[in-house]
Amino acid sequence: MQVTDKELIDLLVSILDSPYANYLTRQFVLTALTKISSRPTTTYGQQERIQNMLMSYTTSPELEIQQRAVEFASLFNLGETRSGVLERMPAPELKATVLGVGES
């Protein structure tokens, strides 16, 4: 069964609205919503929904949430650059010195 972006966003919004969500959970959810907004399958309507949600948290009394929401909301003004900023990062290369293997 394939999950749509709308269903995924609905689930994340329900987590934000949960009385059990603390500030750290909200930070992770706002990050996930922002990353979902840059996916090519996310419709314009869902992107607007995410942007409005981020804007609502820019006045949060929790400073960390407010700061993250402001930063993510400002990414929406970058247009196509937003996708590049939010794309998946490649795994770092492990070098021999990091693994503790040195030349003798």
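Visitor: Why does Leu63 count as exposed?

Guide: Leu63 has a relative accessibility of 59%, and the word exposed is used for residues over 50% relative accessible area, while buried means under 20% and partly exposed lies in between (1.4 Å probe, protein chains only), so Leu63 counts as exposed. This is a predicted model, in which local features need pLDDT of at least 70 and side-chain atom pairs count only at pLDDT 80 or more, whereas totals for chains, interfaces and linings use all residues. Residues are numbered from 1 along each chain as its sequence is written, and side-chain values use heavy atoms, with hydrogens and water left out.

Visitor: What makes Gln67 partly exposed?

Guide: Gln67 lies in helix α4, as Leu63 does, and its relative accessibility is 42%. That value falls between the two cut-offs, and therefore Gln67 counts as partly exposed.

Visitor: Why is Leu12 called buried?

Guide: Leu12, which lies in helix α1 (residues 5–17), has a relative accessible area of 10%, and because this is under 20%, Leu12 is buried. Leaving aside neighbours within four places in sequence, Leu12 is in contact (heavy atoms within 4.5 Å) with Val29, Ala32, Leu33 and Ile36. Leu12 and Leu33 are 21 residues apart in sequence, and their C-alpha atoms are 7.4 Å apart in space.

Visitor: How many helices and strands does the chain have?

Guide: The chain has six helices and zero strands, where helices (H or I, at least four residues) and strands (E, at least two) are DSSP runs numbered from the N terminus. Of the 104 residues in the chain, buried residues make up 31%.

Visitor: How do you know that the reach of α4 is close to what is expected?

Guide: Helix α4 (residues 63–75) has 13 residues and reaches 19 Å from its first C-alpha to its last.

Visitor: Why are the buried residues of α4 said to line one face?

Guide: The buried residues of α4 are Ile65, Ala69, Phe72, Ala73 and Leu75. Seen down the axis of α4, they fall within an arc of 140° (taken from the directions from the helix axis to the C-beta atoms), so they line one face of the helix.

Visitor: What places the buried residues of α3 on the same side?

Guide: The buried residues of α3 are Gln46, Gln47, Ile50, Met53, Leu54 and Tyr57. They cover an arc of only 125° around the axis, which puts them on the same side of α3. On the other side of α3, Tyr44 and Asn52 are exposed.

Visitor: How are α3 and α4 placed against each other?

Guide: Two packed helices are described by the angle between their axes and the distance between the axes. The axes of α3 (residues 44–57) and α4 come within 8 Å and cross at roughly 145°, the axes being lines fitted to C-alpha atoms over the stretch in contact and the angles running from 0 to 180 degrees between N-to-C directions. Leu54, Met55 and Tyr57 in α3 meet Ile65, Gln66, Ala69, Phe72 and Ala73 in α4.

Terms used:
The expected span of a helix is 1.5 Å times one less than its number of residues.
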